[in-house]
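The entries follow in the order in which I went through them.

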Amino acid sequence: MDALTVTRTETHCPYCALQCGMTLERAGDGVFTAQARDFPTNKGGLCRKGWTAGSLLTHPERLTTPMLRDRKGQPLRPASWDEALDRIAGGIRLLQAAHGRDSIAVFGGGGLTNEKAYLLGKFARVVLGTANIDYNGRFCMASAAVAGLRAFGLDRGLPFPLEDIPGAETILIAGGNPAETMPPIMQYFEAQRDRGGRLIVSDPRRTATAKLADLHLQLTPGTDASLANGLLHVAVRDKLIDAHFIATRTTGWEAVRRTVASYWPDRVERETGVPALQIERAAHMLGEAATAIILSGRGAEQQSQGVQNALAFINMALALGQAGRLHCGWGCLTGQGNGQGGREHGQKNDQLPGYRQLANPQHRAEVAAVWGVAPESLPQPGLPAVGILDALGQEGGIQGLLLMACNVLLSAPDTGMLAKRLAELPLFVACDQFLSETSSLADIVLPVTQWAEESGTMTNLEGRVLRRRQASAPPPGVRSDLDIMADLAARLGQGRHIPSSDPEIVFDELRRASSGGPADYAGISLERIDREQGVFWPCPDETQCDSRRPYLQRFAHEDGRARFHAVQRRASAEEPDARYPLYLTTGRVLSHYQTGAQTRRVPELVAAEPEAFAEIHPDTARQAGIAQGGMALLTTRRGEGRFKARLTPDIRRDTIFVPFHWGGASNANLLTNDAVDPNSKIPEYKICAVQLASA
């Protein structure tokens, strides 16, 4: 291309689930973000991550050729695609012949397009015949997904569009910090405030979001369900509940009413550390509002009681009648770019396309008919994400792993043990754009396209299906994940099941496979996405009405009613004790995204936040002999890490916060507990017991 020729492509940011509209401008060989697009979600806004996203496309560390090891312990060397793919196919055959089909596992990611997530599920179950497939969304939105299904009969992160936020008189954000994790969304909260609305935030830290709130409930980590029950206790006591809504649109209320009767404000103050007067004030702010929204984030959900926490906040919304109405409802602040779409079409261990259930015989038959296979040939649900990682290299466990779009050595809990398992695994294949902490341990690394080098669809936190457009060709030697799956299927003698890697053809098949399921995409054409600036699911046909607010008339359960669930607050899997006297919690910061595999390669973002840190209250740091900027040694039952101390009164004295964007000795997940919620199987990232000392 002539250096003076400029091309512009309308697409979407590669990072969070807001999926901001943007325009990429390409001049010669350079690609950069030209401007934010006036799209319905971001309305012309972008955060610093979005503005700099184009620089990754020409980054000097980009992988452009397959790499492999001749044997364990030897360095990676360049290889041809034929050599790498032949090695993978041969390794799969040998391991499955010796150990069975389930000895090969597939691990995906919430950054994959809908087409890739769909095809990965089909590849695992039809080409490999393995039950063991899951993805890193199990680490993020799983608790909210289970809670939404149980309460409403449907898992759509936000069952209303972002445009409803300004119309809510009161909003409660439970364990979320969108001011840092998805900054452009804050314009909706600013509009809500400008209209006289009020904001409540519950969080152990006084985050950037909490500083904007009218009321900050600074609770003890792990006490979210107690707080929610306390709010509902006050609502019942002070006659703030909506008896008509409860009677006509819900079931299960009496059990919840009896349960919350014992969560009087003084008791909840003792359990949560939140003053009783604040609990009462928050309950009245929500209960006296004509319209209210409750949003949960990872703080409440990434716990061994994450599902119960989310259900407790849903109970509050239902009891107040603040659901199934305009400018009302409970929703989840989905994190990953395609965290919503990525969990709908088959890369979860128990799911088939369209959010069908793998264990349901009718669902199996419906999808098998589209795939042209016998229903009984499809495996039953396999291990969830943490179970897969725990089974790596174990006797009778998983001997081979295919990893896509995930840096598990920074995102999974107890990563010290995981590193040993990956290094010793007989066959470890990673598809990656850069040599990350995880892919650097692989036996074979395949270079794959980045977001602007491919087309496809994504589904944002609203359930709005969007179109990602290709802005530039990938570097020579780089292939799409779709191409890799199609090529491996052919080499394994199963090419008929993946006849095309064209994303438009794959999307058409996805539409057919999802037809009739809860997440029905059958009526979503690419042309309609363009015309309507995204299409909300469920969408069974191309003439179907707008489903941006699916609960206005009825909830998704067969009887049309939402379900209450009685919740008791349970202790976390690991509480502080004499040896480990403090709480450790993890999260994100403004300048980085997820494990930082992308953002730590952007100079502007590194300059803004160059290294890992531990956020500690000054009184707590003083007792440990740690000064501002000094090094803190954090030790848990899993391991230890070293972090620069950042002292602030904005965190509880009993709590330390560490972001998880960095590796090495500052890898936060060397410390975290791999205990999981029994229902969602999400790890308890937000709570473990830690010891603090000066390093």
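I began at the start of α18, where a side-chain oxygen of Ser480 reaches to within 3.0 Å of the backbone nitrogen of Leu482. Helices here are DSSP runs of H or I with at least four residues, strands are runs of E with at least two, and both are numbered from the N terminus. I noted that this is a predicted model, in which local features need pLDDT of at least 70 and side-chain atom pairs count only at pLDDT 80 or more, while totals for chains, interfaces and linings use all residues. Residues are numbered from 1 along each chain as its sequence is written, and side-chain values use heavy atoms, with hydrogens and water left out.

Within α18 (residues 481-491), I found Leu482, Ile484 and Met485 among the buried residues (buried means under 20% relative accessible area, with a 1.4 Å probe and protein chains only). What covers the buried residues of α18 includes α2 (81-99), α3 (114-128) and α19 (503-514), as well as the strand β17 (427-432). Just after the helix, Gly493 takes a positive phi of about 75°.

I then turned to Asp155, which lies in the loop between α4 (142-152) and β8 (170-174) and is buried, with a relative accessible area of 2%. I recorded that its side chain makes a polar contact with the side chain of Arg343 at 2.5 Å (a pair of N or O atoms within 3.5 Å; within protein, one must be able to donate a hydrogen and the other to accept it, and residues adjacent in sequence count only if both atoms are side-chain atoms).

Terms used:
Buried means under 20% relative accessible area, exposed over 50%, partly exposed in between (1.4 Å probe, protein chains only). Contact means heavy atoms within 4.5 Å.
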